[in-house]
Amino acid sequence: MIRLPCRIPGCKRVFKNKSGQTKHVRTAHSLLHNRVTFHQAAPDLRSPSLKNPAFDDQPPSPQHHDFDENNDGAFMPEEGMKLGPLFRTFHPLLTGRKCDIHGNFINQNVPPPSRTEASPTDWTPYESRVAFETAEFLYTRNQMSAAQIDTLLDLWAATLIQHNDSPPFTGHRDLYETIDSTPLGDVAWETFTMSYNGVKPAEDIPPWMTAKYDVWFRDPHLLVHHMLSNPDFDAEIEYVPYRDYTNNDQRCYKNFFSGDWAWKQADIIVEDPETHGSTFVPLIIGSDKTTVSVAMGHTEYHPLYMSIGNIFNGVRRAHRNGVVLVGFLAIPKSTKEHLNNKDFRNFRRQMFHSSLAKIFESVKLNMTIPDIVRCPDGHYQRIIYGLGPYIADYPEQLMLSGVVQNWCPKCLNHRKNLDSGGPSLLRCQEHTDLLVQELQHAHLWHEYGIIQEVVPFTNDFPRADIHELISPDILHQIIKGTFKDHLVDWVEEYLLLTHRASRTAEIMDDIDRRIAAIAPFAGLRRFPQGCGFKQWTGDNSKALMKVYIPAIKGHVPRDVIRAFSAFLDFCYIVRRDTLTEDDLTQLQDALNRFHQYRLLLFLHREIFKTTGVVPDFSLPRQHSLNHYFLMIRLFGAPNGLCSSITESKHIKAVKEPWRRSSRYKALGQMLLTNQRLDKIAAARSDFEARGMLQGSCVSDALRALKNRECSLYLRLFRFLTCNIQVVASFQTMTVTTMTTTNLRTHYRLFLTVCASTSDQISPSR
């Protein structure tokens, strides 16, 4: 018999065939194997980092086959499993094993404990299904004001008075009190105050130095508990980092756990044997300032959101309670005199980081010690938390990383030559800390783009590097950044510089006519007025991409068209839900072609530089496209970490609650609104898990009415049979308390009801 030894030195495993050998190498020696075959080759020149788990070479994983997962029925194939066209290998030690409420591992095949002792008819705190759906409709869907709720309930009550009945709520106060008494989804709001504690001038102290700034938040530890216990996620959550391979042995990237970052974090976690069998839950954080009113004092808020990396990307994008509001960060204000003051800018940056460190302090302990949490499948698991990718636009990325404007927060390329053409030296926190210790402020600022005074909040947490955790941002870097703000605007500027103003206007009108003339077709959006609208949205840009090239053809040089074509190839590939190694090769090829045509020398001059449209191509948002290849390998498909997720969350968490407020001290009202919305959503999830929301309210009412009629006649028949004496047969019986005719009439009616509800009660009874 042929016996093939493992090809990794030091491993004594042998196999019957080459297939088993290959699968073993992928699973037990994944770091060594993937470094050669499936990972991008390390650049020759690297950042002098001391230890960077995401990018630096790591020692091989421990020998995983010594850990026996199968002694209690656990299903975790040592050599992976076939999933349709893919072959999946799982992390062998951080396996997401089920346990009891005390953290003791149990038989993996036992059914989960009951979530609640409540009966299927217990709608607490609501009286009935009608009461719950009324509250949900008025408060969540219709967002009706208190006065309108009172009016509607008064009209409803007027129609029920004649029936001696009343609506489920007496008024808006009764409705709000019922929602507030919902025990599910109840995470209280907390607050802390921050202020400047540095050196103050002896006189003329700036107002921002004496002001106090309130930060409102909810405990992220409890929020994660609520998310993990949500039964809605049962079929759309992953507990174990994995790697998917196609039939051609190519890596396949989709959800967050399919990337290399989660696997490498698991390798670090399992260095502690006490964590073996646990579940890794990375916290995906996002923040973004948003304006709710321009005309009324420029009111703006800075919401902070959180998700978990275990749920599918589609769930996170769909906002099915997969993204929660954590808090509102303070926005320091200053007079114009001190707005550009160095101390004020540093205070604003560091208060941002100090607030984040304070908010997520409650989960720090369980980043190394397992937390026992009920999961969507109903079982308990031992959870290890970790800081995951941070979703932010470019200004927020600079605030997070402590990097100077126009520099890249992920690499050390100089701001004047971001796209140098050579390999980028990736930033890491250890390298940044070393530079801060050794170099002066001016040297750090001008040569490395580092702000010396900023200490990232990730320094307070294990296994966290802010430069590594900055996520790709399709919306601001590609759709609104490179396409709308750069390429589309460059076309108009090119026309202005190569034609007289009147001719440029004629060409722009012709471009608008071409866009407006697009024939109606599924998937194509029509622009009756062309592209001359002022307020661009992400959806506008995505729709315009599909028709823009034929609209400008003939008005710009051919190589400009080729640059657009290459960029759109990159854009459509990167927006896919699933990407393979072939897709990444095509992605890099499209990016290379885009740079080639963008920088193609024509008589030793670049296309756009020829006319002076663009003085240089050192643009941070375009430069960020170079990092997508690596970030896809780390975090999976980028559409699961796009800032469009937080942008759309603004509507439900900030803008709509603000519109429902009285505008006076609106933040307190917005907090209460969000808390009530979460309680209603949690109650719906609980009722659905108990099978109480099947059908509609009308079908439920008809079913209850039929059951009530059947029960009524059954009781009537039992009453009658207790008061008669059957002598010989039904026709000759003697009746004690009523006549035989009346009994026979009621009995026939009872049989009729039983016949119509034969599925409930047999007439023979």
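Modeller: Before we start, two residues are in contact when they have heavy atoms within 4.5 Å of each other. This is a predicted model, in which local features need pLDDT of at least 70 and side-chain atom pairs count only at pLDDT 80 or more, while totals for chains, interfaces and linings use all residues. Residues are numbered from 1 along each chain as its sequence is written, and side-chain values use heavy atoms, with hydrogens and water left out.

Biologist: Okay, how many helices and strands are there in the protein?

Modeller: The protein has 26 helices and 18 strands, where helices (H or I, at least four residues) and strands (E, at least two) are DSSP runs, numbered from the N terminus.

Biologist: And what percentage of the 765 residues is buried?

Modeller: Buried residues make up 50% of the 765, where buried means under 20% relative accessible area, exposed means over 50%, and partly exposed lies in between, using a 1.4 Å probe and protein chains only. Among the contacts with a separation of 6 or more, 70% come from residues 24 or more positions apart.

Biologist: Let's pick one residue. Where does Ser278 lie, and which residues is it in contact with?

Modeller: Ser278 lies in the loop between helix H8 (260-269) and strand S10 (279-287), and it counts as buried because its relative accessibility is 0%. Leaving aside neighbours within four places in sequence, Ser278 is in contact with Leu94, Thr95, Gly96, Pro370, Arg382 and Ile384.

Biologist: You mentioned H8. Why is it largely enclosed by the rest of the structure?

Modeller: H8 is largely enclosed because nine of its ten residues are buried. The buried residues include Trp261, Trp263, Lys264 and Asp267.

Biologist: Switching to H4, what span should its 15 residues have?

Modeller: Helix H4 covers residues 146-160 and should span 21 Å at 1.5 Å a residue, which agrees with its end C-alpha atoms being 21 Å apart. The expected span here is 1.5 Å times one less than the number of residues in the helix.

Biologist: Which residues in H4 are buried, and which exposed residues are on the face turned away?

Modeller: Ile149, Leu153 and Leu160 are buried in H4. Seen down the helix axis, the buried residues fall within an arc of 25 degrees, so they line one face of H4; the arc is taken from the directions that run from the helix axis to the C-beta atoms. The face turned away from that buried side carries the exposed residues Ala147, Asp154, Leu155 and Ala158, while the buried residues of H4 pack against H3 and helix H5 (172-180).

Biologist: So what about H3, where Thr140 lies: which residues is Thr140 in contact with?

Modeller: Thr140 lies in H3 (residues 129-141) and counts as partly exposed because its relative accessibility is 28%. Beyond its neighbours within four places in sequence, Thr140 is in contact with Ala135, Leu677 and Ile680. Thr140 and Ala681 are 541 residues apart in sequence, yet 9.0 Å apart in space, C-alpha to C-alpha.

Biologist: At what angle do H5 and H24 cross?

Modeller: The axes of H5 and H24 (residues 666-689) come within 9 Å and cross at roughly 65 degrees. That makes H5 roughly perpendicular to H24, since angles under 35 degrees count as roughly parallel, over 145 as roughly antiparallel, 65 to 115 as roughly perpendicular and the rest as oblique. The axes are lines fitted to C-alpha atoms, for helices over the stretch in contact, and the angles run from 0 to 180 degrees between N-to-C directions. Where H5 and H24 meet, Tyr176, Ile179 and Asp180 in H5 face Leu672, Arg676, Lys679 and Ile680 in H24.

Biologist: New topic, what is the phi of Asn164, and where is Asn164?

Modeller: The phi of Asn164 is near 55 degrees, a positive value in a residue other than glycine, and Asn164 sits in the loop between H4 and H5. Asn164 is exposed, with a relative accessible area of 74%. Most residues other than glycine have a negative phi, and most peptide bonds are trans.

Biologist: Is the peptide bond from Thr124 to Pro125 cis or trans?

Modeller: The bond from Thr124 to Pro125 is cis, with omega near 5 degrees, and Pro125 lies in the loop between strand S5 (98-99) and H3.
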